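Please look at the chain on the screen while I go through a few of its local features.

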Amino acid sequence: MILKSKDVLGLEDMSAEEILGVLEIASRFRAVFDRPVRNVPIMRGRTVVNFFHEPSTRTRISFELAEKRLSADIVNFSAATSSFKKGETLRDTAENLAAMKIDMLVIRHSSPGSARYLARVLDCSVINAGDGAHEHPTQGLLDIMTMRQRLGDLRGKKVTIIGDIAHSRVARSNIWGLTKLGAEVTLCGPPTMVPGSLEKLGVTVECDLRKAVADADVLNVLRIQLERGAGSTFPGNREYHRMYGITEDVVRSLKPEAFIMHPGPMNRDVEIAGEVADGPRQVILDQVANGVAVRMALIYLLSGGDPGALGGGD
Ligand code: NCD
């Protein structure tokens, strides 16, 4: 069995073996994408509920596509159109869903710990699609998959994560996953956005951008999370871009083979210059494609899928 838990709540909980096992299955699903028929009947008759209590484009569509490609029955609902508006608690909503016999719940919520709470009270599998500033495990896995496609084994590879680390669940999931796989992680951003306390997770904090990227193999660039209160931690977009934006000039200072990632949504000309976002070093759309494969792999494994039944990957 590749996954030990019935749920996927964070990369803090997953071992290096589990992470690599999921990515191996994801690469087999990724190989199916180039076929004319991309759907496989693995989840026929199973019901997955996607509950997004926060805005999302990529993650929501990616989960939905992953579920459709596995032939699952899908129900989508969002806070705006549900009884949350009438004051119902998260637990009551979730228990009502469970009473309708669902097999899996995918949840995005603004409260850290919400996915773990539901995983405890529900018998079905729960996948965390982002809980506040805590974790975003599927994003962490797709980022790691994208890095491994280019760098192979990540042991000793240098990954620099730049931006609003304090408010970023993507950063936290990257840190847990990458350090478990032996990568050397550097965090960079204005001191108000990079808590020094994260050093105890085995990463380096370097607030000087040029120093932080000089020998990096990959840059993972993050958005400023204004919706989580980041507005008070920096003087303004123009100032941020000047100090920490990934511009053509910064790119010229990188190692020739270094590449640039971004989880989206991007704020062009704030954390990343438009030319860099469209330039030859970025792998942003590979990340998006890998996201569907990673989510297919997790759904498959959580629903008891047999890894041996899938055949060879790429
Ligand atoms: C991220 C998120 O929602 O945490 N986006 C995503 O899931 N692709 C990052 C962000 O919002 O900046």
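This is a predicted model: local features need pLDDT of at least 70, side-chain atom pairs count only at pLDDT 80 or more; totals for chains, interfaces and linings use all residues.

I begin with D269, which counts as partly exposed, at 43% relative accessibility. D269 is found in the loop between β9 and α10. Although D269 is not a glycine, its phi is positive, at about 65°.

P265 has its place in the loop between β9, residues 259-261, and α10, residues 274-277. The peptide bond that joins G264 and P265 is cis, with an omega of about -10°.

Let me now turn to S71. Where does S71 have its place? S71 lies in the loop between α2 and β2. Its phi, too, is positive, at about 65°, and S71 is not a glycine. Is S71 buried or exposed? Its relative accessible area is 18%, and because buried means under 20%, S71 counts as buried.

Strand β1 comprises residues 47-52 and strand β2 residues 73-78; the two run parallel, and 6 bridges join them. Within this pairing, F52 stands opposite S78 in β2. How does the chain pass from β1 to β2, and which hand does the crossover have? The path goes through helix α2, residues 58-69, and this β-α-β crossover is right-handed.

Thank you for your attention.

How values were computed: Residues are numbered from 1 along each chain as its sequence is written. Side-chain values use heavy atoms; hydrogens and water are left out. Two strands pair if DSSP finds at least two bridges between them. Helices (H or I, at least four residues) and strands (E, at least two) are DSSP runs, numbered from the N terminus. A crossover is right-handed if, with the strands pointing away from the viewer, the path from the first strand over the helix to the second runs clockwise. Buried means under 20% relative accessible area, exposed over 50%, partly exposed in between (1.4 Å probe, protein chains only).
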